[in-house]
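This report goes through selected local features of a single chain. The sequence and the coordinates are shown first, and the notes follow.

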Amino acid sequence: MNKIKKIILSILSLPNSIYNRAMLKYRHVKTGENLQINGRIHLVSNTPDGIKIGNNVRINSGKNSNPIGGDTRTVLFAKGNGKIVIGDNCGISNSTIFACESITIGDNVLIGGGVKIYDSDFHWLDYDRRMAECGG
């Protein structure tokens, strides 16, 4: 029975697997060995060095992959020339990492459901510049 269950789960996860592989390639994400993604990840990177993922990394994305983490997808977003580096032996569940400059996650780090890591407050501190760019 367990063998049949594994086959069924493998078939059901195939669309996400194809999507994730295509996005990793399209977004020029550099990955180490044994990357495991459960669910559908959201990636944004405009440069070939924007996102690097180390060896033996597991990413859960979505409520079917980790119901405790909520129903959000895991998002890795390297804006402009921003860089995200994820070390070896890491685990990430239903979290967002958004880099305008640089975020490095070291080796052996576990990031739980719903965590948000930003290196920006998403607006200029200078009032006049913020108003000019935000339409205020």
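## Loop residues with positive phi

Where is the place of N34? In this predicted model, N34 lies in the loop that runs between β1 (30-31) and β2. The residue is not a glycine, yet its phi is positive, at about 60°. N34 has a relative accessible area of 56%. Because the cut-off for exposed is over 50%, N34 is classed as exposed.

N89 also has a positive phi without being a glycine, with a value near 60°. Its place is in the loop between β7 (83-86) and β8. The relative accessibility of N89 is 36%, so this residue counts as partly exposed.

## The parallel sheet

Four strands make up an open sheet, and their order is β2-β5-β8-β11. The pairing in this sheet is parallel. At the edges are β2 (36-39) and β11 (110-111), each of which pairs on one side only. In general, the strands of a sheet pair through backbone hydrogen bonds, in either a parallel or an antiparallel manner.

The contact between β8 and β11 can be described in detail. Strand β8 covers residues 91-93 and is joined to β11 by 2 bridges, with the two strands running parallel.

## The aromatic cluster

How many aromatic pairs does the structure hold? There are 2 aromatic pairs. In one of them, F77 and F98 are stacked, with 4.6 Å from centre to centre and 25° between the planes. This pair links distant parts of the chain, since F77 belongs to strand β6 (residues 75-78) and F98 to strand β9 (residues 96-99), 21 residues apart. F77 is partly exposed at 23% relative accessibility, whereas F98 is buried, with a relative accessible area of 12%.

F98 also pairs with Y118: the ring centres are 6.4 Å apart and the planes stand at 80°, so this pair is edge-to-face. F98 is in strand β9 and Y118 in strand β12 (residues 116-118), so the pair ties together parts that lie 20 residues apart in sequence. Y118 is partly exposed, with a relative accessible area of 41%. Through these ring pairs, F77, F98 and Y118 are linked into a cluster.

## A charge over a ring

Another side-chain arrangement involves R40 and Y19. The charged end of R40 sits over the ring of Y19, at 4.3 Å from the ring centre.

## The surroundings of H28

H28 has its place in the loop between α1 (2-26) and β1. At 44% relative accessibility, this residue counts as partly exposed. Which residues does H28 touch, not counting those up to four places away in sequence? They are T47, P48 and I51.

H28 and L125 are 97 residues apart along the chain, and their C-alpha atoms are separated by 32 Å.

Conventions
Residues are numbered from 1 along each chain as its sequence is written. This is a predicted model: local features need pLDDT of at least 70, side-chain atom pairs count only at pLDDT 80 or more; totals for chains, interfaces and linings use all residues. Side-chain values use heavy atoms; hydrogens and water are left out. Two strands pair if DSSP finds at least two bridges between them. Rings of Phe, Tyr and Trp (its six-membered ring) pair if their centres lie within 6.5 Å; planes under 30 degrees apart count as stacked, over 60 as edge-to-face and the rest as tilted. Buried means under 20% relative accessible area, exposed over 50%, partly exposed in between (1.4 Å probe, protein chains only). A charge sits over a ring if NZ of Lys or CZ of Arg is within 6 Å of the ring centre and within 35 degrees of the ring normal. Contact means heavy atoms within 4.5 Å.
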